[in-house]
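Welcome! Please keep the 3D view open as you read.

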Amino acid sequence: MGLLVTEGPRLSLVCHGRCGVAVVRISGSAATTALRCMVGLGNQLPPPRTALLRSITDPHSKEVLDRGLVLWFPAPHSFTGEDSVEFHIHGGPAVITAVLQALGSVPGMRPADAGEFTRRAFHAGKLDLTEVEGLGDLIHAETEAQRRQALRQMSGELGRLYQDWSHRLKRTLAHVEAFIDFSEDELIEEGVLDQVDISVCELQAEIEQHLKDERRGERLRSGVHVVIAGATNAGKSSLLNTLCQRPAAIVSPIAGTTRDVVESALDIGGFPVLLSDTAGLRDSPDLVEQEGVRRARERVQQADLTLLVVDSTILPSEEQEAAALLLEHLRSVLSSQVQPGAGRCLLVLNKTDLLPEAQREKLNLGLRRVSGLPPVCLISCQTNEGLKDFLTVLQSSIKTMCGDPLSGAPTLTQARHRAHLQQCVAALAQYRRYRDSDLALAAEGVRLALTNLGRITGRVGAEEILDIIFKDFCIGK
């Protein structure tokens with residue numbers, strides 16, 4: 001696919017393999033010139049947003065380069081808000097190259113920079129920054145849940161939430177500044193600051209609640225980090241290979257085979273997962289293995305979910321003794337900040353094919369009754385016994401972490417959103433802190449909050465504040 005825009009003499013070819021159809025998009029003031037030159041329409045233009053089958057020719061030699069569909073999008077009713085043209089041509093490299101070279105000979109044409117069409121759409125007010133980010137996420141979505149979240153954000157739902165907060169903050173700031181500037185002239189109604197106080201408290205509470213999302217949207221966007229941890233020879237690498245359905249890690253009966261972190265990206269139930277196999281946790285005089293163990297513990301601390309794999313053959317037959325051993329093992333593996341039953345860990349008892357059936361049943365029923373243990377799954381990577389139930393529990397845990405992207409309020413998807421919203425909350429706290437002692441400094445807190453919200457959507461302006469002041473109070477009428 002080739003992308004070109006007007007206003008610039010440069011030309012480069014953008015060709016990526018072969019495809020059935022390639023779309024060449026042109027945007028800007030010279031789009032109509034290119035359309036007339038390449039299709040031979042003279043002074044006429046095709047009906048807007050109507051596909052026409054035409055011969056596409058070289059504007060100088062008049063040689064037919066291809067036969068394809070042509071569409072015309074007059075401003076402002078186009079993606080970029082500018083005059084735009086699309087050529088739908090055959091996707092062979094020779095055809096694409098010929099058409100792009102011909103377009104390069106048209107005065108005022110140059111190739112688009114990366115993301116330039118979307119940038120122009122943003123500057124034309126067609127998209128705010130959250131919608132731009134949603135579009136980018138949709139293009140890069142690899143799972144069904146990612147697609148749903150990106151599509152919801154691209155539709156503008158998250159942006160509308162932030163725009164609503166921005167509108168309320170603009171009105172709040174306008175009222176505070178009007179009180180500062182005009183209260184002595186008795187042009188301001190009584191109780192204005194009381195309404196401001198209520199509005200600031202409500203906004204601060206709403207934003208703080210929005211931030212208490214446990215990073216669901218960010219997890220869904222970047223993938224849930226799932227770490228397989230446990231002692232040597234527990235079957236961690238076998239579990240990784242079973243989940244990946246390929247030999248991603250070396251498996252051997254020799255303890256300490258895995259020395260480094262082995263990662264694999266998976267789609268589990270429509271949710272993106274970055275699965276990491278780690279070195280077996282034990283004391284070792286080997287310096288390389290010591291580094292592997294250090295990295296393993298570091299990954300466990302950073303993990304969204306830890307799969308603690310235990311060799312079921314080493315467990316005592318009595319359920320209470322087995323539970324005590326597992327709890328001790330959990331405390332030695334998990335960081336002090338993670339509680340075993342906090343939904344951040346699954347206990348995977350492997351090698352159950354080596355246990356008598358009666359002992360398997362006893363463990364399965366007994367451990368479920370023990371409080372303080374995370375969900376327990378009995379599996380055999382050798383025979384795949386219990387794997388289906390384990391995958392159900394794993395998928396349920398991941399879904400809980402990511403949430404349903406189509407239900408409830410839209411969630412945060414970018415770290416920068418979170419940073420700006422945290423700064424917004426701090427700025428609103430500044431208003432409340434200085435409200436009675438220094439109203440000008442309190443107003444600055446509201447202004448900072450508005451600026452940080454505007455940085456998320458890319459839209460904020462001082463002129464809008466003045467518009468609200470004069471509209472609400474009719475000052476200077």
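Helix α14 (residues 415-434) and helix α15 (residues 439-457) cross at roughly 165°, and their axes come within 7 Å. The two are therefore roughly antiparallel to each other, a label for angles over 145 degrees. All of this comes from a predicted model, in which local features need pLDDT of at least 70 and side-chain atom pairs count only at pLDDT 80 or more, while totals for chains, interfaces and linings use all residues. Residues are numbered from 1 along each chain as its sequence is written, and side-chain values use heavy atoms, leaving out hydrogens and water.

**Helix packing**
- Axes here are lines fitted to C-alpha atoms, for helices over the stretch in contact, with angles from 0 to 180 degrees between N-to-C directions.
- The α14 and α15 crossing is left-handed, that is, the near helix is turned anticlockwise from the far one by less than a right angle.
- Their contact has 15 nonpolar, six polar and three charged residues; Ala, Val, Leu, Ile, Met, Phe, Trp, Tyr, Cys and Pro count as nonpolar, Asp, Glu, Lys and Arg as charged, and the others, Gly among them, as polar.
- Helix α6 (residues 157-182) also packs with α15, at an angle of about 160° and with the axes 9 Å apart.
- That makes α6 roughly antiparallel to α15.
- The crossing of α6 and α15 is left-handed, and by class their contact has 15 nonpolar, five polar and three charged residues.

**The chain as a whole**
- You can find 16 helices and twelve strands in the chain, taken as DSSP runs numbered from the N terminus (helices H or I, at least four residues; strands E, at least two).
- Of its 477 residues, 47% count as buried, meaning under 20% relative accessible area, with exposed over 50% and partly exposed in between (1.4 Å probe, protein chains only).
- Among contacts (heavy atoms within 4.5 Å) with a separation of 6 or more, 69% join residues 24 or more positions apart.

**Cysteines**
- The whole structure has zero disulfides, a disulfide being a pair of cysteine sulfur atoms within 2.5 Å.
- Cys19 is partly exposed at 38% relative accessible area, whereas Cys424 is buried at 0%.

**A look at Asn364**
- Asn364 sits in helix α12 (residues 357-368) and is partly exposed, with a relative accessible area of 22%.
- From C-alpha to C-alpha, Asn364 and Glu319 are 9.3 Å apart in space, and they are 45 residues apart in sequence.

Key
Parallel < 35°, antiparallel > 145°, perpendicular 65-115°, else oblique.
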